[in-house]
Amino acid sequence: MKLIIIANRLPVKIERKNDSFAVKRSEGGLATGLGSLKTEAEMHWVGWPGIYTDNEKEKQEITGKLNELNYHPVFLSAEQIENYYEGYSNSTIWPLCHYFFSFVQYKTEYWEAYRQVNTLFCEEALPFIEDDDIIWVQDYQLMLLPKKIRDKKPNVNIGYFHHIPFPSYELFRVLPEREEVLEGLLGADLIGFHTHDYMRHFISAIYRVLDLNCNLDEISLKDRIVHVDAFPMGINYEQYHKAPTLAGVKKRSDRLKEELGNQTTILSVDRLDYSKGILHRLNAFANFLENHPEYRKKVSLAMIVVPSRDAVDRYADLKTQIDQTIGKINGQYSTPGWTPVYYFYQSFPFEELIALYDIADVALVTPLRDGMNLVAKEYLATKRDKPGVLILSEMAGAAIELPDSIIINPNDTQEIENAILEALTMPEKEKRARLDKMQKRISTQTVKKWAGDFVKDLRHISEQNKEIIQKTLGKRQLTQLKKEYQQASKRLILLDYDGTLSPFVKNPEDALPTEELLKLLTKMTSDKKNKVVINSGRNRQVLDKWFKGLNLDFAAEHGAYFKENGKWHKNIQQKIEWDDEILNIIEHTIEKTPRSHMEVKDSSLVWHYRKVDVWLAELRQKQLINALIGPASRLNLQIVPGNKIVEIKSPDFNKGSEVRRLLQKDNYDFVLAIGDDTTDEDMFHALPPDGVSIKVGNFSPVAKYRIPLQSSVMPFFENLIK
Ligand code: GDG
């Protein structure tokens, strides 16, 4: 078994040296995190090596060197990088996911290149992917890849992690290729985000764009279930925490301290990017100096901007604006011996970066949007004897985990200004207390744990998906079932109706049985060896009307009533008199939820919400259940959430109690129950050990078999009884 990481870039730098190439590891967070992962799997990486060449010999040489490290290069042309990477990835998806809608650029050639490069990554990776391997695709440059791999290798375990925000549906819907992008991602078994908010936005896009069935963190596909979850990425805490004690770092920190004297240093570190809020931050710092002259000559902002994507126009423009703003601030406030903003447009070696983290009194991290932001965590981790203060944007994923920082809205320069003052005047004791709490969190939620949790969940979910595939009723299982059916002399066949024999339609009154279904049921019941029972939540009147003239038995209202030999019997003692409080709660819910309604049965009350918007329905369903808990327990009633319904009923009967009653009355040598809803699980539980339980649609750990689509139910029975 192998763990294959597929990312846009390999974690190495390739440099031309004379006539040859040198491979230098560039240990980013991801590479270190995965490197320390304890797994029996052999680790491989697939990605762009960061160098252009058309020369086949050179490609071979680079490939040979990289293969020694289990790295597999995907060579891209300059044009591909321009259209796939700088284009679709960084000029379309990136601004969209960071809520910079007006920066989004559409060009046909961008999308074409994106598709083409995703296919290329797939082709390069396929030759060494085996069925048991774990594939972990990283980030927004490769969103089509999970599906591409799944199409060719249906049995591998595929995970995807999205390192940047996932925007609200209202924004995501503007993407012309929204369907293909989402379908691409759904090739994975597990899709991870940094926060629950991104996860929620993604699920909302799935049901709105693709109209798929989502159940909290699960998306049901025909043959698999895709799980979605939040995995907040951490850092290598130990590495950062120990780093200030390294001789190389200490030397640099001492030098910096000497150069800065008594000055207080505020630090900011980002890649050049408009999402990082660099200009807002500079303006806030300028306002701070303007409004608090007492801090002039005492406080400086050390601003590191790491060159990034400067081939994209937006980035080049931003660079010019940053240069100008800093020039203006320094021009206005500098004095001999004091510079307000130290500006570094360069990338520093690790030791230098740590020395800066070490000496900085305050870290100013103010992105307008940021998937996570690791700089915030790294700064906190390096702090040892002298605590520092973190000012953190609420728009960074990290803010959820670091509430003890000073949280600000990055669009509010006044708030940043106040936060700077608060940080500079914060008592040492408070600084320490806040830091301790945050260090406790980031020292346990490390990048190693992040990677470990993701891979562990992925393996578990993949196993479950394999079980789903195994349980799916195919030819082999059908042949076996047919044999058992034919050999049996007395059969009990229990059928759910809505969602099983009849498709789940928006209007419950439209779920009338078709001619074909009535024919099938007639054929089934004409066999004297069969006892066929429709076990439904529907009331007696509807069942009688719809199946008039058929030799069927029924259980109605979830087993409250049953019909045998043409006569109805009741399991409940008497019709329930509904309490005003319960009725009022449901009526109030209906008033607030257009297109929902109540059904009053003798034995239960049902709130139906099939036609309601998914999001609203979810909210109202929770509110309704919450409101009902008190009165229901007082009146000894059970609240049963079902498929687009909430039912309030007596706990004394359910679909399972009816099955038990039937099994006690007679001996059967073939018992089959089929259903799609959670209430049908009660039937499955009540079956004898050799009973045949079939779940339609979603996965059920209880059922022996699964038929993924309702439309396959009739053909299944036609085949079984043939
Ligand atoms: C994306 C998402 C998400 C920075 N300057 C230097 C340097 N760095 C290192 C930092 C840090 C990394 O770069 C930056 O990581 P961030 O998380 O802050 O931001 P992005 O690059 O935008 O990353 C982000 C991340 O993916 C992970 O999922 O958190 O939200 O946008 O590790 O230390 N390293 C060195 N010299 C520098 O000058 N050596």
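Strand β12 (residues 264-271) pairs in the parallel sense with strand β15 (residues 362-365) over 2 bridges; two strands pair if DSSP finds at least two bridges between them, and strands (E, at least two residues) and helices (H or I, at least four) are DSSP runs numbered from the N terminus. Leu267 stands opposite Ala363 in β15. The model is a predicted one, in which local features need pLDDT of at least 70 and side-chain atom pairs count only at pLDDT 80 or more, whereas totals for chains, interfaces and linings use all residues. Residues are numbered from 1 along each chain as its sequence is written, and side-chain values use heavy atoms, with hydrogens and water left out.

The open sheet consists of 6 strands in the order β14-β13-β12-β15-β16-β17, with parallel pairing. Its edge strands, β14 (341-344) and β17 (406-408), each pair on one side only. From one strand to the next, the twist averages 20°. Helix α14 (residues 374-382) lies across β12, β15 and β16 and runs at about 170° to β16. Helix α12 (residues 313-333) lies across β13 (299-306) and β14, at about 155° to β14. Contact means heavy atoms within 4.5 Å; axes are lines fitted to C-alpha atoms, for helices over the stretch in contact, and angles run from 0 to 180 degrees between N-to-C directions.

Helix α21 (residues 580-592) packs against helix α22 (residues 614-634) at an angle of about 175°, with the axes 10 Å apart. The angle therefore makes α21 roughly antiparallel to α22, a term that applies over 145 degrees. Residues making the contact include Ile582, Ile585 and Ile586 of α21 and Leu624, Ala627 and Leu628 of α22. By class, the contact has 7 nonpolar, 2 polar and 4 charged residues; Ala, Val, Leu, Ile, Met, Phe, Trp, Tyr, Cys and Pro count as nonpolar, Asp, Glu, Lys and Arg as charged, and the others, Gly among them, as polar.

The model has 4 cavities of 30 Å³ or more. A cavity is a set of points on a 1 Å grid over the protein atoms alone where a 1.4 Å probe fits but cannot get out, and lining residues have an atom within 4 Å of a point. The largest cavity holds about 70 Å³ of space, and helix α17 (residues 447-471) gives the most to its lining, with 4 residues. This lining comprises 3 nonpolar, 4 polar and 4 charged residues. The second largest cavity holds about 50 Å³, and α16 gives the most to its lining, with 4 residues.

Conventions:
1 Å grid on protein atoms, 1.4 Å probe; cavity = no way out; pocket = protein on both sides within 12 Å on 5 of 7 lines; lining within 4 Å. Points joined across faces, edges and corners; volume = space filled by probe spheres on them. Parallel < 35°, antiparallel > 145°, perpendicular 65-115°, else oblique.
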